[in-house]
Amino acid sequence: MELNIKKIKEQAFEEIEEIKSSEEWQEIRNKYFSRKSGELAKLIKDVKEVSDDLKPKFGTLVNQVKEEIGSALDQKWAELEKDQSKNLDKDFIDVTLNIDKYKLGHLHPMTQIQTELEDIFKSMGFMILDGPELESDYYNFEALNIPSWHPARDAQDTFYVEELPNSGKEKLVLRTHTSPVQVRAMQKYGAPLRCVVPGRVFRNEATDASHDHTFYQLEGLMIDKDISIANLVAVMKEMLSAIFKQEVKVRLRPGYFPFVEPGFELDFGCLICQGNGCSVCKQTGWIEFVGSGMVHPNVLKYGGIDPDKWSGFAFGLGTTRLVMMKYSIDDIRLLQSGDLRFLNQF
Ligand code: PHE
């Protein structure tokens, strides 16, 4: 019996020494202290079997061993707790650390330029207006002095929307330019009037590096007493200098648009070669980008404005062209591609 008690004590001490985790600790504790099947309970049962004169001796011995094993277990528990807090230190997570931020998106380069242009024109007292992309044939052509037989219609072929038979509805087209909003604005606000209209326009075009079926324009219209071409040139210069952050030269060439008279193509001095000639300006020193002119009296009339009292200028610039120029983009199709490798550069 005595030998057995000693054996169990030694075994318990060895096993306690080996404990590495609280789970193992619990297991060993149960192995020795479980009331029913624990090793110590078995020893107590054995004590009951021995003769009465030996009972006190073995009883005391078993109790002693029980206490020794108990305190060894307590000590082990304290060690485990200490190790655990050391590990906690090691696993410390700094919640204030600046880890990878969410990747935020940003405005498309077209939108960036558009907002910039809006700010420039707002500072000159222009309203920012909007118009329908699905436009009536009337506003897109008729009211701009382009009747159905007019050859200028061929220059702006578009996508016609099929009418329902006998619907009595107006003929609809995808607008080919932002100019229809000129007449809409005149009808709504009358004279005097200063507005710009940024927006998406469509042409029935075969696409290539410099043509797309969908692109962006910004229309401008200023109507007042005694407005002349000088006002147009001043506004254009102001806008270009603000966009390119430097003095920009402009020149006018005669241009034909049925809704202005006289009409001009407005060019600005190439900023890449400073007018000396390069591949971007096709060796001319000038970049062509705005159609403009004095609003045709017929168009003023369509807009309900008396051409004998008021005059105005109008212009339509290709915002897409401007973005391409500003960032040296050599393929227009990239702008509508949604390709993140391209867009993330802005
Ligand atoms: N709407 C014309 C175009 O798209 C440009 C333009 C606007 C010309 C206003 C003159 C006046 O080509």
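A polar contact is a pair of N or O atoms within 3.5 Å; within protein, one must be able to donate a hydrogen and the other to accept it, and residues adjacent in sequence count only if both atoms are side-chain atoms. This is a predicted model: local features need pLDDT of at least 70, side-chain atom pairs count only at pLDDT 80 or more, and totals for chains, interfaces and linings use all residues. Residues are numbered from 1 along each chain as its sequence is written, and side-chain values use heavy atoms, without hydrogens and water.

**Ligand site**

The ligand is surrounded by 15 residues (a heavy atom within 4 Å). H177, S179, R203, Q217 and G316 are the closest.

| Residue | Ligand atom | Distance |
|---|---|---|
| H177 | nitrogen | 2.9 Å |
| S179 | nitrogen | 2.8 Å |
| R203 | oxygen | 3.1 Å |

**Sheet**

Pairing requires at least two DSSP bridges. β9 (286-295) and β10 (311-318) pair antiparallel over 5 bridges. G293 sits opposite A314 in β10. Contact here means heavy atoms within 4.5 Å.

**Helix pair**

In α1, I8, Q11, A12, E15, I16 and E18 meet E24, I28, K31 and Y32 of α2. These residues divide into 5 nonpolar, 1 polar and 4 charged, with Ala, Val, Leu, Ile, Met, Phe, Trp, Tyr, Cys and Pro as nonpolar, Asp, Glu, Lys and Arg as charged, and the others, Gly among them, as polar.

Terms used. Helices (H or I, at least four residues) and strands (E, at least two) are DSSP runs, numbered from the N terminus.
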